[in-house]
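I opened this entry to keep track of what I looked up, one item at a time.

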Amino acid sequence: MQAPANILLADDDDDDRLLFTDVLKEYSKDSNLTFAHNGEHLMTILRSEGLPDVLFLDLNMPLKNGIECLEEIRGDEKLKGLPVVIFSTSSHPGTISQMYDIGAHLYVRKPNDYNALRRAIQAVLKKDWGQPSRPPKEDFVLRV
């Protein structure tokens with residue numbers, strides 16, 4: 001299966017963005033990766049440019065956090081169908097449950113090493129985001 005063509009990563013951490021870019025280049029040279037450096041920047045991109053095929057959303061960002069962004073995305077008629085993958089260091093069960101309840105499609109805990117990151121990104125990109133469906137709650141967290 002071909003990786004999504006347009007990927008948006010909302011993450012304020014330079015190192016995380018660099019690693020994500022390196023993995024994506026390995027996996028899919030044809031994908032277009034766009035960055036949002038904070039939540040306000042993300043919402044500006046989503047409202048002013050075409051929608052990506054999938055959004056990787058960090059929760060801990062300045063100006064507007066990922067929870068606020070997800071709530072705003074799900075409340076906007078134009079954006080509400082956007083596939084959103086939470087991409088966070090948090091593994092708190094309450095946070096994970098909240099993200100599911102708000103409407104994220106998948107939850108990925110940021111791996112600590114490059115190979116695990118590669119497996120996680122590849123697993124997400126293998127999904128058919130053209131027809132996004134949400135897994136049952138017990139399968140919401142991607143395990144790699």
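I began with the pairing of E1 and strand E2, residues 32–36: the two run parallel and are joined by 5 bridges. This is a predicted model, and I read every entry here with that in mind. Next I looked up what faces Leu-9 in E2, and found Phe-35 opposite. I then followed the chain from E1 to E2; the path goes through helix H1, residues 14–27, and the β-α-β crossover is right-handed.

Next entry, the whole sheet. I asked in what order the strands of the open sheet stand. The order is E2-E1-E3-E4-E5, which makes 5 strands with parallel pairing. I noted E2 and strand E5 (106–109) as the edge strands, since each pairs on one side only. For the twist I wrote down an average of 20° from one strand to the next. I also checked H1, which packs on the sheet and touches E1, E2, E3 and E4. The direction of H1 makes about 170° with that of E2.

I asked which residues of the largest nonpolar core touch the most other members. They are Leu-42, Leu-55, Leu-57, Ile-86 and Met-99, out of 26 residues in that core. I listed the elements that give two or more residues to this core: the strands are E1 (6–10), E3 (54–57) and E4 (84–88), and the helices are H2 (39–48), H3 (66–74) and H4 (93–102). Apart from this core I found another, of 19 residues, with Leu-9, Leu-24, Phe-56 and Val-108 among them.

Setting aside neighbours within four places in sequence, I found Ile-86 in contact with Leu-57, Leu-59, Leu-70, Met-99, Ala-104, Leu-106, Tyr-107 and Val-108.

Last entry, the protein as a whole. I counted 5 helices and 5 strands. Along the sequence I read the pattern β-α-β-α-β-α-β-α-β-α. The radius of gyration is 14 Å, close to the 15 Å that the globule rule gives for 144 residues, so I recorded the protein as being as compact as a globular protein of that length. The C-alpha atoms fill a box of roughly 35 × 35 × 30 Å along the principal axes. I noted that buried residues make up 49% of the 144 residues. Of the contacts with a separation of 6 or more, I found that 69% are between residues 24 or more positions apart.

Conventions:
Residues numbered from 1 in each chain as written. Predicted model: local features only at pLDDT ≥ 70, side-chain atom pairs only at ≥ 80, totals over all residues. Heavy atoms only, no water. Core = buried A, V, L, I, M, F, W, Y, C linked by side-chain atoms within 4.5 Å. Buried < 20%, exposed > 50% of the residue type's maximum accessible area, 1.4 Å probe, protein only. Helix = DSSP H or I, 4+ residues; strand = E, 2+ residues; numbered from the N terminus. Contact = heavy atoms within 4.5 Å. Pairing = 2+ DSSP bridges. Right-handed = clockwise from strand over helix to strand, strands pointing away. Axes fitted to C-alpha atoms, helices over the stretch in contact; angles between N-to-C directions. Rg over C-alpha atoms; globule rule 2.2 N^0.38 Å.
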